[in-house]
Amino acid sequence: MATIRRIAPSTPQLAFQNVPSQTGAGFQAMADLAKSAYDMVLPDAVKQYEKEGADAARAIAQQQIGEPAAAVAPTNGGGSSISDSLARTESGGNYQAQNKEGYFGKYQWGQARLDDYNRANGTTVTKAEFLSNPGVQEQAQQWAEKDIMGNLNDLIGKSVNGQVMTPAALIAVAHLGGTGGARKYVESNGEYNPADSNGTHLSDYARIHGGAGNVVPPTMIRDADGQLVARLHSPMSEPFRQAYNAAAGIAYNADMQMKATTDLMGISQQFALDPQGYQQAANAYVSELVSKAPAVFQEDLRGSLTNEVQRRSLGILEAQQSDIRQRAENSTNALAEKQSSDYAAAVASGDPREINAAHAALSATLKAKESLPGAAWTPAQSANVFDAAENEGKRAASARDSQAAQRAENAANAIQARQASELSAAVASGDPAKIAAAEGALTATLDQKAKANGSTWTPEQSYNVVAAAKAAGQQAAQQAATTADRETKDKLKGILDMGNSGIVSADQSILNDPEIAKKFPEEVLAARAAQNMAQTMPQLFEAPPADVQHQADLLRKTATSPLQIATINKMDELAKTMAEAYDKDPVAAAIKYRKGNLPPALPDAATMIAAPAAATAMMKARLGYMTDATAHGYNPSGALLSGAESDQWGAMFSKEVPVEARLAAATLVAEGFGDKAGIVFKGLKGADPVTQSAGQFVASGGDAAIAKEAMTGQAMLDAGMSKGKLPAVDISQVDAGYAQALAGLPIPQADIMKLAAGYYAYHNHEPIKDAADAKKAAKDAVNAALGASTDTAGRTTGGIQAVNGQPLLLPSGVRGADVEAVLNGSGGAMGAVGLVGGALPVLGPTALALGYGLSDTAISPAWQSSGLGASKGGPPMMGTVPLSQSQLKETRIIPTPQFGENAYRMEFRGAPVRDSKGGLYVFDLTQLVKGAK
């Protein structure tokens, strides 16, 4: 007996949709019992809810088979409904009732609730239409109660302070306090309990209306999720127990039949091609299963399963027969295919014995295939197999012969190609003996090719092969000569380039070769001239371009030989090349030409951070070197950095670098390069424009703190942290006087505007309101960027102020009023003054001793002590006479930063004021004001 795998019965479940079509009397009896029990319950339910109509009846039916009490709702008609209960307390049943708070109708609706009803139902009922139509009010109230219960259904049966929340209680609480208020009231266990304007609490409405509608109290159960839910009828009522018992029986029978069908299919898979084994195992399984079934189901179960076993047994038998036929067909097909291939190979070999043996074997197999039960193979198909094999054998024989012929031809062609290559090489060498031998060998091979059996090779083709080989040799000879010439020219150019760079070539033998000189006269002469210049005048390569040109001009006067003239021409070229190099990048040119005096290195970012003093010393050394280079003609542009260095340093001042690091580096550059730092900042590549402006500002003596604020403000603008953006205008549009005061200063006015924009953004984060505000903001920012501030007394110092009616950029801490006091003779600026007869001044002894002559005032010693350089110790002069106090009132003060920080000069009526030695009178304005005080 076949082995039966264990199949465990499953737990019976309700599966009405899966009941097999074939059922007996026992199954039918159980179904009738379930229907009878159900019918016993339905009339009572319908009677209880007959006022709710068809919708309520369907809801009750759902509850009776175990659905949650979602449809348990109070009645909507009759004197005991929640609607009637609410109407009594709200309006006394008056459909036209309205109160002072805006509520209206029988149920005292508000406009918001009416709007909800219109949105939910797609209507447009107005307040007036609502009041005039009782039917609409009742319909709307029914919708409202369903809407409330749709949101509060899960709260049915919950107890709040000992009071059970019926549907009527929930509707009443929601009517007074809204759906959300009702939920909050229940879930807070009554702690949330507000009152309306009449002092009525939510709990009052729950108590007053909770029993409306005579709703049957639900039976509370705890479901599988652990939640308390309501059921209309108790599951323990006898009719329901009978119905569920009958349903369980139906489920059992249905599940057993479905499970047995599945298990029988599983057994059939174990005996896929063994119908007898399947029959034995399946019958044993059915007997065991039926013996354990209730008696009422055994007959039906055995009959249906026996039929199923028989059907599947026949299917397995058919599969077994089909498998045997298929294996037989597959075997004969494989054998026929192999024997067909053997027959084709025998035909290709041409051996009669092999052909006959292969033919006999294939014929026997094909005849067996024709005789298979149910086979559709015919003798005609067998004949086709023989024809195909014979054709394949003939094609293989033909291909074999062709391949042999091709191999022979390929071998002959290879010999021919080799001999043709040897003839080309002999022609390229120019050796007559080699040419004759190679041509003879190739001709002999071509003659044999022409005489071969079946050959179509002609004498003309042989002639063409020999001619082509000779032509290839001649071309190779020409290419070799061209290559040799090119290599010679390349070597001459290398010697030339070395001489042009001041390097003496160690191998100049090629210059003395007469054949090369004859073939390349210009190239040889140029190379000899360059080498002559490098050998006899090595100092030229470190000299200034002007000196090289001067030396060439001197030698040109006495030059006679071609070599001398060519050497002088090379000197001209060198002077021009050096001049262009020094003009384009003097630092790079110095590195190339001044081998014995290279430019000092500049510090990198790491050195600036780790060793600022060393970095400053390196920059000062570069400044001294380039200043000397300018003085001696090596630096016509006055540059201090090479192009590569400008790129590298530009990266140090880019926007990606923190503001503090940029400012620290800028301060070092200003310290290291002094008044030339502006040139450095201006030439930086890739640097932040505001940082460049700030660097020039600091280098010109500007306040580093202002520079930092400007740089920070621009960074804030870029990051969106500030919206205080000044309009893009030039200083002349901000204030014409400001542009006049800044004219001639080393820092460009556009850079000052960049500083002002950053400074403004740092101090003002909100956008500018209008054009007037924008102009004032720009003016104030420009002046602040230029150092304007207030002293402890609130007076403006520094920046641009009016002095004698002219705008003047003042040093930090200096007031324009103090400068005017000096110029006007007040505030201690005047010397000792006396009046004779109230008319003429009496000069002090110092003025008389110096021989100043008569003047309306005596010049204060403060002018003498504030002078700078040659101007120190002397007074300001016009011609040979010191300025008088009245002339000072008409002077114009002009910043002169190239002479130092706080340096200024003067003009009197457009003419420069000079010192006693005839130079410009330059003074320290800050020192002058202090001395005058």
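A pocket is an open set of grid points with protein on both sides within 12 Å along at least five of seven lines, and its volume is the space filled by probe spheres set on those points. The model shown in every view is a predicted one.

**View A. The second largest pocket and the residues that line it.** About 780 Å³ of space lies in this second largest pocket, and 30 residues make up its lining, with Glu90, Tyr103, Gln108, His175 and Leu176 lying nearest its centre. Helices α3 (82-90), α4 (111-121), α6 (134-152), α7 (167-187) and α8 (202-209) each contribute at least two residues to the lining, and the largest share, 6 residues, comes from α7. By class, the lining of the second largest pocket divides into 12 nonpolar, 12 polar and 6 charged residues.

**View B. The largest pocket, with the residues closest to its centre.** The largest pocket holds about 970 Å³ of space. It is lined by 39 residues, of which Phe697, Ser700, Gly701, Gly702 and Pro897 are the closest to the centre. Two or more lining residues are given by each of α25 (677-683), α26 (689-699), β8 and β14 (903-908), and among these elements α26 gives the most, with 4 residues. The lining of the largest pocket consists of 19 nonpolar, 15 polar and 5 charged residues.

**View C. The largest cavity and its lining.** A cavity, in contrast to a pocket, is a set of points where a 1.4 Å probe fits but cannot get out, and the count comes to 1 cavity of 30 Å³ or more. About 40 Å³ of space lies in the largest cavity, and the residues around this space are Val803, Gln806, Leu808, Leu823, Thr891, Arg892 and Ile893. Strands β8 (806-810) and β13 (891-895) each supply at least two residues of this lining, and β13 gives the most, with 3 residues. By class, the lining of the largest cavity comprises 4 nonpolar residues, 2 polar residues and 1 charged residue.

**View D. The contact between helices α10 and α11.** The axes of α10 (residues 275-291) and α11 (residues 295-349) come within 9 Å and cross at roughly 170°, an angle that makes α10 roughly antiparallel to α11. The crossing of α10 and α11 is right-handed. On the α10 side, the contact is made by Pro275, Tyr278, Gln279, Ala282, Asn283, Val286, Ser287, Leu289, Val290 and Ser291, and on the α11 side by Gln298, Leu301, Arg302, Leu305, Glu308, Val309, Gln310, Arg312, Ser313, Ile316, Leu317 and Gln320. The residues of this contact of α10 with α11 divide into 11 nonpolar, 8 polar and 3 charged.

**View E. The contact between helices α13 and α14.** The axes of α13 (residues 379-429) and α14 (residues 432-451) come within 8 Å and cross at roughly 160°. Angles over 145 degrees count as roughly antiparallel, and α13 and α14 are therefore roughly antiparallel to each other. Helix α13 passes α14 in a left-handed crossing. From α13, the residues Asn413, Ile415, Gln416, Gln419, Ala420, Glu422, Leu423, Ala426, Val427 and Ser429 meet Lys434, Ile435, Ala438, Glu439, Ala441, Leu442, Thr445, Leu446 and Lys449 of α14. By class, this contact of α13 with α14 has 10 nonpolar, 5 polar and 4 charged residues.

Key. Residues are numbered from 1 along each chain as its sequence is written. This is a predicted model: local features need pLDDT of at least 70, side-chain atom pairs count only at pLDDT 80 or more; totals for chains, interfaces and linings use all residues. Side-chain values use heavy atoms; hydrogens and water are left out. Axes are lines fitted to C-alpha atoms, for helices over the stretch in contact, and angles run from 0 to 180 degrees between N-to-C directions. Angles under 35 degrees count as roughly parallel, over 145 as roughly antiparallel, 65 to 115 as roughly perpendicular and the rest as oblique. A crossing is left-handed if the near helix is turned anticlockwise from the far one by less than a right angle, and right-handed if clockwise. Contact means heavy atoms within 4.5 Å. Ala, Val, Leu, Ile, Met, Phe, Trp, Tyr, Cys and Pro count as nonpolar, Asp, Glu, Lys and Arg as charged, and the others, Gly among them, as polar. On a 1 Å grid over the protein atoms alone, a cavity is a set of points where a 1.4 Å probe fits but cannot get out, and a pocket is an open set with protein on both sides within 12 Å along at least five of seven lines; lining residues have an atom within 4 Å of a point.
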